[in-house]
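Hi everyone, thanks for coming. I'd like to walk you through a structure that may be new to you, a few spots at a time.

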Amino acid sequence: MEKCTVIFKPSNKSISVTKGTNLLEAARKAGVFIDAPCGGKGRCGKCRVKIISGDYKEEITSLLTSEDRQKGIRLACLTFVEGDMIVEVEESKQVQNILVEGIKPGDEKNERVLKASKLLEEEGIKKECGVFNIDIELPEPSIDDNVADFERLKRELKVKYNIENFFCSLNVLKNMPKILRENNFKVRATFLKGKNGCELIRIKARNKETSTYGICVDIGTTTVAVNLIDLESNKIIAAASSGNLQMQYGGDVISRIIYASTEGGLEKIKSAVVDGTINRLIDELVKKANIEKQDIIISTFAGNTTMTHLFLGVEPAYIRVEPYIPAFRECPELKAKDIGIDINPEAKVIVIPNVASYVGGDIVSGVLATGIWKEEKNVLFMDLGTNGEIVFGNKDLMLTCACSAGPAFEAGEISCGMRAMPGAIDEISIDRKTLEPKIRVIGNVKPKGICGSGLIDLLAEMFLSGIINSKGEISKELESDRIRFDEDLYVMEYVVVWGKETADGRDITINEIDISNFLKAKGAVYSGSNVLLKSVGFSMDDVDKVIIAGGIGQNLHIENAIMIGLLPDIDRSKFSYIGNSSLLGAYLCLLYEQARDKVKEIADAMTYVELSVYPSYMDEFISACFLPHTDMNLFPSVMSLLNQK
């Protein structure tokens, strides 16, 4: 078959591909990151590239304007290689600039971290991670004392420390003779408790600089956050985060499952998160802390069910087809070398257990961190990220579900949307008389798009200003040059920022298709919450606390979220934000050995409600796809505010 060479600028990476390959796949093969929230289906319009030269075919799309086309702009997923090409791609370093709320050095004294730790300690769970070091001096071998090295170590540990029946890997055994002799038989031995007894993980020189470390990791669909912990002082000594490089294979879990089912897809998508994201972040951490990777000897990982499957390289295909069965809930004991995590190869890998197909270890981790498992009152826990997962309950009962919200909360498949990074508009207000917007931009730079919290503000403000009605339709009656008809898409749109004020010279607009997509996402979350409560005879009035987690919550305006019908219209004092609860739970499981048993208990105690087969769910969903809802009695404060207009 005919081969063509594609060169990607400005990186100058090149790849030889078969004629007819689309540019998105060519970029993936070349190791060039192109964001593709829709998974390359031609729906989101985000995989924009500029054709410098070469032969190609394309599928025409309304997502590009005639002005875009004149500039050579095309969508990578809809452009097919016909000859040698040179293509310009926006630098992918932006993926590293996505804002991720995590846990920072010094946060071990933060109120929410201390509170989460206290919840465990009140149950008698001690801060013991299962790792311990022993500094030992062995008698040097001689003709009279010719015991083998490993047996010599075992003998001394039994006599001096009453430690016996421990084991070690072949890798540790291979290095033992040299390390013992290089250090005159004075070494530090590091052990890790396990189900089968103690394992000798590491032998190295005994000095003051030698310490042991662990990492805790939140594997999000959009972002990944990692903390490095000194296991002797229990201090967080470094933190790092970035976008999950799997984004190039789709913004949501379904897109990634589909890609993983293609030839070689599973290995590529696993490599994107392990090598391209997690190991790169580990490199950043060890450089910051000036430590050796070999000294990281335990790790905890929390992610949704699909993310944990892809992280481990386990076939995820059956998660997305009825009856929606994952390969595993509880992961067997693993070592770093089993997965390719670039730390001590013998390091223990702990994966927080999943609940079901679309409720994973990130939510179990969040439930551990929030303390719902020991709460007397009724708690509604909502993790609003790329996916929407919900838990309702207390110490006696915990129900959970996942909402098919898609990537809208991370601004995927929204024409003006972008993730929370410098250049994203995260706050918007609109003057009721002039219909002129006022914005705040992350990084105080020229705007490039709108992130999730900004979109919530925008819809609420447009609704209150009369720019859109309860169906999300933009008014044709209002006189404003910001309200206009999009000739390409044949829909009405509102101009948030004029091109002369943006980073790329393009108007930032929101149209009726965007609004419809976002209303479906928020409708999925609210209807999911409502069905979860109704399934056990409760209503929103019975909720005592609402805990919000996830990236969108960082700058979430509760009033605006209620205005559009995303959150329930209840006493505002009931709402609180916990931040990255998945990472916080992983942090707890790293430092508290018994917490690893607790998350298993939590996962077993959670009852999963499959919304797709729940009798009244579709009716609930359709009713929630309006602003704020078709039943205005559920939103009395919104109704009161609208009546005052």
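**A buried glutamate, to begin**

Leaving aside residues up to four places away in sequence, E389 touches N304, Y358, D362, I363, F381, M382, D383, C401 and A402, where contact means heavy atoms within 4.5 Å. Before I go on: this is a predicted model, where local features need pLDDT of at least 70 and side-chain atom pairs count only at pLDDT 80 or more, while totals for chains, interfaces and linings use all residues. Residues are numbered from 1 along each chain as its sequence is written, and side-chain values use heavy atoms, with hydrogens and water left out.

So where does E389 sit? In strand β17, residues 388–393; strands here are DSSP runs of E, at least two residues, and helices are runs of H or I, at least four, numbered from the N terminus. E389 is buried, meaning under 20% relative accessible area with a 1.4 Å probe, protein chains only. Yet E389 has no salt bridge, which would take a side-chain nitrogen of Lys or Arg within 4 Å of a carboxyl oxygen of Asp or Glu. The nearest side chain of opposite charge is R256, 12 Å away.

After α10 comes G371, with a positive phi near 80 degrees.

Now back to R256, which is part of the contact between α6 and α7. The axes of α6 (residues 253–260) and α7 (residues 265–289) come within 7 Å and cross at roughly 130 degrees. That makes the pair oblique, the class left over once angles under 35 degrees count as roughly parallel, over 145 as roughly antiparallel and 65 to 115 as roughly perpendicular. From α6 we have R256, Y259 and A260, and from α7 G265, L266, K268 and I269.

How do α11 and α12 pack? Helix α11 (residues 452–464) and helix α12 (residues 512–534) pack at about 105 degrees, axes 12 Å apart, so they're roughly perpendicular. In α11, G452, L455, I456, L459 and M462 meet I515, F518 and L519 of α12.

Last stop: V131, in strand β6, residues 131–137. V131 is buried, at 15% relative accessible area. V131 and L231 are 100 residues apart in sequence, but 7.8 Å apart in space, C-alpha to C-alpha. L231 is also one of the residues V131 touches.

Terms used:
Axes are lines fitted to C-alpha atoms, for helices over the stretch in contact, and angles run from 0 to 180 degrees between N-to-C directions. Buried means under 20% relative accessible area, exposed over 50%, partly exposed in between (1.4 Å probe, protein chains only). Lys and Arg count as positive and Asp and Glu as negative; His and the chain ends are not counted.
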